[in-house]
Amino acid sequence: MALPPNQLHRFYRGGERIAALRGIPSTDDHAPEDWVGAVNAAFGTDEDGLAQLEDGTLVRDAVAADPAGFLGPEHLAGHGSGPGLLVKLLDAGQRLPVHFHPGRRFAAEHLGSRYGKTEAWLIVEAEPGAQVHVGFREEVRAQTVAEWVRDQDAAPMLDAMNPLPVSAGDSVFVPAGTPHAIGEGILMVELQEPTDLSVLLEWASLGAVEESDAHLGLGWDRALGALDRSAWDERRLAALLGPPLPAAASPFFRAEWLRGEAELDPGYCILVVLDGEGALGDRPVVRGDTLLVPHAAGALRLTGGAELIRCRPPAPPPPRA
């Protein structure tokens, strides 16, 4: 099932690389995210971000009408009737602010959400020298973070974090709670839990963001309780880097970078075609295509010279002994 473009207007610059990948005009310099197959809406809204099929049906509604056909029995038994996955194309036209995402336990307790927002970045394009920042180099006191936020002092926040150079083909797994910032000049496929829950430690300079949205309406004392202030040393960071994604990602999502010939086992997935052309079964695929494959499609064969990323929901839980 083809998924039409679904770019959102956001508070930061970007979008040209997404338009170039898709082969469409770029009409908004603040449309840095394309929510591919999204079944959840943006924070504070009921519909913004929800993806459609070509006939205009919301993906959310199509899955709800036939959860077994879309998701398959193993997923339904282990994870319920939602895909549990949000896939984005993200084009960072500027450095994103230092921020973090709540985990599942915190989100359930304070935000009424089944999901937090663990995520992973699969780097598609990166300008020379591009980098991301992940985790604090040394443990940071709660008072120090609170002072940074109060003063909106971005420089020491960024200086306290680990800079990681990235290039096309890299992947970075980012557990919920981890402070991070995506640098300018990066196009990625982003996999995450299906929420839009972000706590922005930097917000005042963004203009379009209210402070209450920056802390998700929780107040800073409560919101900062979800932040991982611990130290991330080289060994701990190395466990996040790939490809492939680490085993720790599989309870949240899975991803495969496919090139050329491949066999796809049955299962719900989102496909993002990055380059070349080929065929999935008898359906042609070309650069810029985004497709939803339901479980009911069965096993499929990828042929030709296409390069794509297959994004999948969390792995089924192991059978009980």
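## The largest pocket

The largest pocket holds about 640 Å³ of space. Its lining counts 31 residues, and those closest to the pocket centre are Arg10, Phe11, Asp196, Leu200 and Val209. The model is a predicted one.

Several elements contribute to this lining. Strands β3 (86–92), β9 (180–182) and β10 (186–192) each supply at least two residues, and so does helix α8 (211–214). By class, the lining of the largest pocket has 13 nonpolar residues, 10 charged and eight polar.

## The second largest pocket

Seven residues of the lining are nonpolar, four are polar and four are charged.

## Helix α6

Helix α6 spans residues 142–151. Its buried residues are Thr144, Val145, Trp148 and Val149. Seen down the helix axis, these buried residues fall within an arc of 135°, so they line one face of α6.

What covers them? Among the elements over the buried residues of α6 are β6 (131–136), α7 (154–159) and α9 (220–223). Just after α6 comes Gln152, which takes a positive phi of about 50°.

Note on methods: Residues numbered from 1 in each chain as written. Predicted model: local features only at pLDDT ≥ 70, side-chain atom pairs only at ≥ 80, totals over all residues. Heavy atoms only, no water. Buried < 20%, exposed > 50% of the residue type's maximum accessible area, 1.4 Å probe, protein only. Helix = DSSP H or I, 4+ residues; strand = E, 2+ residues; numbered from the N terminus. Arc of directions from axis to C-beta. Contact = heavy atoms within 4.5 Å. 1 Å grid on protein atoms, 1.4 Å probe; cavity = no way out; pocket = protein on both sides within 12 Å on 5 of 7 lines; lining within 4 Å. Points joined across faces, edges and corners; volume = space filled by probe spheres on them. Nonpolar A, V, L, I, M, F, W, Y, C, P; charged D, E, K, R; others polar.
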